[in-house]
Amino acid sequence: MSELFVALTPANLLACFVGTVLGTIVGVLPGLGPAGAMALVLPLTIKLGPTAGLIMLAGIYYGAMYGGSTTSILINVPGEAASVVTTIDGYRLARKGRAGAALAVAAIASFVAGTFSVVALQLAAPMVARAALAFGPAEYFAFALLGLVLLANLTGGSRAKSLAMVLVGVMLSTVGMDPLGGTVRFTFDLAGAQAGLSFVAVTTGLFGVAEVLASMAEPVPAGAVPHVKFRELYPSREELRRSVPPMLRGTVLGFLVGLVPGPSATIASFVSYGVEKKVGKHRAELGTGAIEGVAGPEAANNAAAGGGMIPLLSLGLPFTPSTAVLLSGMMLMSVTPGPFLLRDHPSVFWGVIGSFYVGNVMLLLLNLPLVGVFARVATIPPRYLMPGVLVLCAVAAYSDNNNIFDVWVMVVAGIAGWAMRALDFGPAPLVLGLVLGPVLERSLLQALTIARGEISGLWASGPAAVMLAAAVVAFVAPGVAALVRRTATHRT
Amino acid sequence: MRRERWSAAALALLALAYLLAARRYPLDTLATPGPGIVPLVAGVALLGVAISLFVKTGRVGAPAVSFGPPTSRAGLADPATTHETGVAPIRPTDPTPQRVRRSPIVLAVALVLYAALLPRLGFIASSFALVVIASRLMGASGWWRPAALAAGVAAIGYLLFARWLGVPLP
């Protein structure tokens, strides 16, 4: 536990600072999201070593959640998906002249929720990790499968499309050496393909290059940013009082949603807004510029970001693109996340958790005074920013294996990702299929071998049976619900 | 609607091609499972999903493709905004000129050329060219600014990655 203070060494503080600043900038900029940005700086973080490198990556992840709200409120452009809801009341508050108050409440809500979720993470992650020590291949298979099914259900848009993308991801993960026998598959004798498709190359393509291509056809946000003076940042006592209940509700809701696979931060913010619309004291004002519409969702998306770290740190299974990048960062630094992380690398585990505390304080101190600067970053014309992003993507993809094949993978992934976006296929399920594919394959084959070929071996243990049953229910339920609805409308 | 059907058909074709390529990997037995099992399961499952998508999009009243704002900023689809909150966020509107709409295709071609030329021309020259082309396509005017930007990006990229991090850039 004393390793928590690892985060306070000068090098780690600097890594945390750089990460949170980069994250805030990424959060502010429409286009590049946290997953893409984290993949871009992976080569940099490897140089820093495991603890500092992961602290920097985590800082980007948290900072993006913070920064996303700034442009939502000031110019009605959500920096990333999790702050779309904040535009509803946040921007209307800004037009009423309460931009400063909305920004301050967003920052305070993020801080409260972020801190709560770190405390919960600190308590829960070791417990889950200890329980997970008893997990065998069958349990891992069931959990990964359940995660992917839930992910397809919750990603939004068409479920069949998300499912298709998960499967494409799993298929892409079979390129290269197979996880058990060492058979080389689907390489078509291409040089560099034996190592498989680089996760960094696919991620920089799907979340970097594809965003640049998509942003070219999009309108540029208008240049005028309202100027917010420092002394305008104080919310009134009334506004603060009204923010507290939604903030607390959003925090708890967000953390719980964060434990579920899927784009949890985005979903958490919507759920929180929905709850405020139902139970909030001033619910009638929501949608016209109510402070509750900022406090709740902003707390929820930050708490969810913390909740999402639990499956990663304690089981080694990421269920969001950002935590998947964190996972691949850990792998590159030869740190295997999962039940043994706490035992084998306590300074990494506690150092990263400690950095979340430090990062939250840094973000609060950084964001309030510098809010105007960050808002202006959003109005930098893409023509000066995006070309550089393209080159960074190429370098990040190349440096993963020092291989030109990975640059090709990135270019193809980028063009495919752009087409996917136009056709409403989300890149997140594909990336997670790619990451979890080898986990699924290895655990399935190992479980079958252990059970001497009996398929029932997959659900022989209690936890595995429960998780597989849940996966089946999650797979069937939406179809059944749609069928019931259809018969009901036919009858009326 | 037609685009939806085409994308479903393309997915089905992808699944078939994958299954065809997977035939050479042995399945072996369930007790000693071979490297062909997971590809077979994944390929068949994708084929099934693609067929169901194809059938669904053929039905009358199937939802049309939306070409509005991209599904997300962070790569995650936003849950139906109006449906869940009852309030639509205000979106900036700005007519997109024809030239800008065609430029992503040109940039995509430039990226393919970049990957092809990177090993021949080296990092600095090809990155310089890519940044100039990309910033021109995104609406930068003149040649001085794009060239200065490109020189800056190439130089910083080289110093940061090749010199400091020791990445053996081509």
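Select chain B and follow its elements from the N terminus: they run α-α-α-α-α-α. That is six helices and zero strands. The model on screen is a predicted one. Colour chain B by burial, and 36% of its 170 residues come up as buried. Of the contacts in chain B between residues at least 6 apart in sequence, 49% join residues at least 24 apart.

**Stop 1: where chain B touches chain A**

Show both chains and select the residues in contact across them. Chain B contributes 73 residues and chain A contributes 88 residues. On the chain B side, at least two residues come from each of α1 (2–22), α2 (37–58), α3 (81–85), α4 (98–121), α5 (123–137) and α6 (144–164). Colour this side of chain B by class to find 48 nonpolar, 18 polar and seven charged residues.

**Stop 2: Trp143 of chain B**

Stay on chain B and select Trp143(B), in the loop between α5 and α6. Is Trp143(B) buried or exposed? Trp143(B) has 10 other C-beta atoms within 10 Å, and a residue with 12 or fewer is classed as exposed. Now draw a distance from the C-alpha of Trp143(B) to that of Val132(B): the two residues are 11 apart along the chain, and the distance is 8.0 Å.

**Stop 3: Ala15 of chain A**

Move to chain A and select Ala15(A), which sits in helix α1 (residues 10–28). Ala15(A) counts as buried because it has 26 C-beta neighbours inside 10 Å, where 20 or more are required. Setting aside neighbours within four places in sequence, the contacts of Ala15(A) are Leu48(A), Ala52(A), Ile55(A) and Met56(A).

**Stop 4**

Select residues 159–173 of chain A, which form helix α7. Its 15 residues reach 21 Å from first C-alpha to last, close to the 21 Å expected at 1.5 Å a residue. How many of the 15 residues of α7(A) are buried? The count is 14, so the helix is mostly covered.

To see the contact, show side chains on both helices. The residues from α7(A) include Met165(A), Val166(A), Leu167(A) and Leu172(A), and those from α19(A) include Leu430(A), Val431(A), Leu434(A) and Pro438(A). By class, the contact of α7(A) with α19(A) has 13 nonpolar, five polar and no charged residues.

**Stop 5: helices α9 and α11 of chain A**

Next select residues 237–258 of chain A for α9 and residues 292–307 for α11. The axes of these two helices come within 6 Å and cross at roughly 30°. Why are they called roughly parallel? Angles under 35 degrees count as roughly parallel, so α9(A) and α11(A) qualify. The crossing of α9(A) and α11(A) is right-handed. The residues of this contact divide into 13 nonpolar, 10 polar and three charged.

Finish on α11(A) by itself. This helix has 16 residues and reaches 22 Å between its first and last C-alpha, close to the 22 Å expected at 1.5 Å a residue. Because 16 of its 16 residues are buried, α11(A) is largely enclosed by the rest of the structure.

Note on methods:
Residues are numbered from 1 along each chain as its sequence is written. Chains are lettered from A and ligands numbered from 1 in the order in which they are written. This is a predicted model: local features need pLDDT of at least 70, side-chain atom pairs count only at pLDDT 80 or more; totals for chains, interfaces and linings use all residues. Helices (H or I, at least four residues) and strands (E, at least two) are DSSP runs, numbered from the N terminus. Two residues are in contact if their C-beta atoms, placed from the backbone, lie within 7 Å. Ala, Val, Leu, Ile, Met, Phe, Trp, Tyr, Cys and Pro count as nonpolar, Asp, Glu, Lys and Arg as charged, and the others, Gly among them, as polar. Axes are lines fitted to C-alpha atoms, for helices over the stretch in contact, and angles run from 0 to 180 degrees between N-to-C directions. Angles under 35 degrees count as roughly parallel, over 145 as roughly antiparallel, 65 to 115 as roughly perpendicular and the rest as oblique. A crossing is left-handed if the near helix is turned anticlockwise from the far one by less than a right angle, and right-handed if clockwise. The expected span of a helix is 1.5 Å times one less than its number of residues.
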